[in-house]
Amino acid sequence: MSTSAAINMTSNPLKLGVIFVGRRRAGFDMEWGQGMEARVRHWLSKAGYSVVEPKEKVVDEATLRTAMGLLEKQELQALIVLQTTMGDGRLAPTLAQLWPDPLVLWATPEKPEGEMISSCSLVGAHCWASTLRQMRHAFELVNGDPDAEATQYHLHQAVRLAATVRRLRSVRLGVIGGQAPGYFAMSADPFTIHHGLGARVQTFSLIEFANVANGLTEDAVADDVAKVKALGLPHKDTTDEDLPMASRLYLAMRFFLENENLDALTVRDWPEMPNMFGQWPYLGIARLTTEGRAVACEGDADGALTAWIGESLGMGRCYLTDWLEHDEETITAWHGGCAPLSMAPAPGEPGGPRIARHFNIRKPAVVEATLREMPVTVARFWRCDGHYWLTAREGRTIKPRRQLMATNAMVQMEKENPGEWFEQLCHAGMPHHVVLFEGRHEAVLRRMARVLNMEFI
């Protein structure tokens, strides 16, 4: 797979603002700079973004403010700034005031022949970057030709990072019932979450959840049961009679996501739910995560936010899991049964998903599966000492040495000694859930930590 193909561009394109910083008087190779502008515009027009560019080029304070007055009405998700010939560095502090979120600075190449210094584009971007850093204003830096695949890949990542941070300011996390007993580190501290990510927390009681689940009509439940059957998931030790309640729990979670305008959700599934409903909600959580919803079990607030961030960055579905055990090379990732169906083999194949009873409290309905073999990133955001931390390492899921009930995976780490890494994470206060994303994403997550001013472990 090419690097550019590895970026997951959604069908709903990101809306970008693009500012070309020009010059009040001629300097450098203006013809080269104009040609580079045209090439940038041409590539952006094909790249799958919705692009807004001010009609007048920015050359001074007045034109910058006019341009931003136009752009602020466009509901942009990211802003790219280019100097194809070096512009005025005094504009950087003004733009930082007018755009509080991360900026994407894109430096374009010099003309490859002749004695003339053609653009000083990288010098201009460097000047802005140093100013922004000393202002503690986040930015991403891209350097390269718009037709180069490596530049395109880096730009896609930078845009997604900037857009994710901007979107986080309006993310709403729903917490139903709080965290599971004793899982203090997974709790939702609304103030640290707000200060660290910008997201907001809204809590709901299990009684509110039960009222929604029990109030669903029989027709709505029957319609959803038909959708579950269409998935082709075989039963292990459950029957079709277990499906209506599983659908109620799924539909109730969807109700909160959609009717409370939630971007992410976490649910206290034990000890109450098996007793209140006679079922676990894991089949419903597995379905929601397969659909791209950021949903976590056991009240894991930052686990749900980690899933949302991964989706926003284009990393796709994630499997929230316990770190069950490890040796010098592998980690056994195991949980009660709510992994995305897309991360397992197809139903009916060895290790494919099937509906089962919980391994411990023998009630339905969980998804039992073994993750398919693939490259993965093991990652996690969490709060400790009043601020956020982030970790990520790359590996590959391999055939487990033994079959485990519920959801099972063995991760062969590429570079990291799991035991040494685990000890680091424990001393940094990381909760006992990590998430697995398909693909290699450590580099972009390291950049995410930097742009959010987090410590990376």
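A residue counts as partly exposed when its relative accessible area falls between the buried class, under 20%, and the exposed class, over 50%. In this predicted model, Glu 423 has a relative accessible area of 48% and is therefore partly exposed. Glu 423 is found in helix H13, residues 418-427. Together with Glu 328, Glu 329 and Glu 420, Glu 423 forms a negative surface patch.

Side chains of opposite charge can pair when their charged atoms come close. The count of salt bridges in the model comes to 32. Three of these pairs are set out below.

| Salt bridge | Closest N to O distance |
|---|---|
| Arg 169 with Asp 101 | 3.4 Å |
| Arg 248 with Glu 218 | 2.9 Å |

Arg 169 is partly exposed at 41% relative accessible area, whereas Asp 101 is buried at 6%.

The pair of Arg 248 in helix H9 (residues 243-259) and Glu 218 in helix H8 (residues 218-230) ties together parts 30 residues apart in sequence. Here Arg 248 is buried, with 10% relative accessibility, and Glu 218 is exposed, with 58%.

Asp 300 lies in the loop between strand E9 (294-297) and helix H12 (301-312), and Arg 380 in strand E14 (residues 374-384), so their contact ties together parts 80 residues apart in sequence. Both Asp 300 and Arg 380 are buried.

Salt bridges also link Glu 37, Arg 41, Glu 53 and Lys 57 in a network.

How values were computed. Residues are numbered from 1 along each chain as its sequence is written. This is a predicted model: local features need pLDDT of at least 70, side-chain atom pairs count only at pLDDT 80 or more; totals for chains, interfaces and linings use all residues. Side-chain values use heavy atoms; hydrogens and water are left out. Patches are made of residues with over 30% relative accessible area and no salt bridge: like charges are joined within 9 Å, nonpolar side chains (Val, Leu, Ile, Met, Phe, Trp, Tyr) within 5 Å. Accessible areas come from the Shrake-Rupley method with a 1.4 Å probe; for residues, only the protein chains shown count as cover. A salt bridge is a side-chain nitrogen of Lys or Arg within 4 Å of a carboxyl oxygen of Asp or Glu. Lys and Arg count as positive and Asp and Glu as negative; His and the chain ends are not counted. The place of a charge is taken as NZ of Lys, CZ of Arg, CG of Asp or CD of Glu. Helices (H or I, at least four residues) and strands (E, at least two) are DSSP runs, numbered from the N terminus. Buried means under 20% relative accessible area, exposed over 50%, partly exposed in between (1.4 Å probe, protein chains only).
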